[in-house]
Amino acid sequence: APRQFEGDWRWRLMVQPFNEALCRVFLPKVAAVTTLGDGIAEEYHRNFGVRCTTITNAADYRAPEPRPVGPVIRAVHSGAAQPNREMELMIAAAAGVPGLTLDVYLVSSRANAGYLESLRNLAETSDNVRVLDPVPMAELPATLDDYDLGVFVLPPNSFNALHTLPNKFFDFVQSGLGVLIGPSPEMAGLTVEHGLGVVLPDFSADAFRAALSSLEPAAVAAWKQASCRAAPLLSGEAQAERLRQMV
């Protein structure tokens, strides 16, 4: 991953040259290459002359059915507590928004324990945001089923961050949730194509808060229905078939 953490000068100095060398030497020798999104696939071709097949991090198909949306919209985020994700943006933006709750399930490493604690402290200043312990992957789908809206705003502090298409996006779909995301092109394209929710005009806390403040239960219910319709197409089974064809 030659551009994974390029926003960190230490990584650019000590790791990036080695990763680039690995790509230059070994990628032209392999029979097939996969990556998780079209933007990253194009970058591999531009830099190293290899053609990649996009295989997304899609979750298994769960045949979700839309659940009704109550007067209080329940938003959720799940993922890693990494400082480069600037998760304080989402927490601060959601704090105090009427008619909304946000639950954030975070896993952390020892190195990032301090960052996780700062996020917990920030959430505790609000009455509608909680930072919760992570749940095992096997239990995550059932946990997400209880929510209405999956949220993820990742500032584009690296090429890979800009072109993120994470497994959580597909987890949201397989639990029949609407989505609210930043203008990350890979996620935005699927969101618009399938009518899954809202793409913010930029990555700012102000844009995120404005979108949260304008949510209507009827609109979220329509996004949830669209997510259920798109679930077969955006499933792991569909991606597995592409991989079988490659092999």
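**Entry 1: ground rules**

I start with burial: buried means under 20% relative accessible area, exposed means over 50%, and partly exposed is in between, using a 1.4 Å probe and protein chains only. I remind myself that this is a predicted model, where local features need pLDDT of at least 70 and side-chain atom pairs count only at pLDDT 80 or more, while totals for chains, interfaces and linings use all residues. Residues are numbered from 1 along each chain as its sequence is written, and side-chain values use heavy atoms, with hydrogens and water left out.

I looked up Phe18, and it counts as exposed because its relative accessibility is 53%. Phe18 sits in helix 2, residues 16-26. Helices here are DSSP runs of H or I with at least four residues, strands are runs of E with at least two, and both are numbered from the N terminus.

Which residues form a nonpolar patch on the surface with Phe18? I found Leu22, Val25 and Phe26, and together with Phe18 they have about 380 Å² of accessible area. I noted the patch rule: members have over 30% relative accessible area and no salt bridge, with like charges joined within 9 Å and nonpolar side chains (Val, Leu, Ile, Met, Phe, Trp, Tyr) within 5 Å. The areas come from the Shrake-Rupley method with a 1.4 Å probe, and for residues only the protein chains shown count as cover.

**Entry 2: the cores**

In soluble globular proteins, nonpolar side chains tend to be buried together. So I checked for nonpolar cores, meaning sets of buried Ala, Val, Leu, Ile, Met, Phe, Trp, Tyr and Cys residues joined through side-chain atoms within 4.5 Å. The largest one has 59 residues, and Phe169, Leu180, Phe208 and Leu215 have the most contacts inside it. A second, separate core has 10 residues, including Leu27, Ala41, Phe48 and Phe159.

For contacts I used heavy atoms within 4.5 Å. Leaving out residues up to four places away in sequence, Phe169 touches Val179, Met187, Leu190, Thr191 and Leu196.

Gly39 is in helix 3, residues 38-48, and is buried because its relative accessible area is 9%. Not counting residues up to four places away in sequence, I see Gly39 touching Phe159, His163 and Glu186.

Asn112 lies in the loop between strand 4 (100-107) and helix 5 (113-123). Is Asn112 buried or exposed? I have Asn112 down as buried, because its relative accessibility is 18%. With the sequence neighbours up to four places away left out, Asn112 touches Ala81, Gln82 and Pro83.

**Entry 3: salt bridges**

I searched the whole structure and got 11 salt bridges; each is a side-chain nitrogen of Lys or Arg within 4 Å of a carboxyl oxygen of Asp or Glu.

One of them joins Glu43 and Arg46, with the closest N and O atoms 2.8 Å apart. These two are about one helical turn apart, because they are 3 residues apart in helix 3. Glu43 is buried at 12% relative accessibility, whereas Arg46 is exposed at 60%.

Arg62 and Asp145 also meet, at 2.9 Å from N to O. This pair links distant parts of the chain, 83 residues apart: Arg62 is in the loop between strand 2 (53-54) and strand 3 (73-80), and Asp145 is in the loop between helix 6 (140-144) and strand 6 (149-152). Arg62 is partly exposed at 34%, and Asp145 is buried at 12%.
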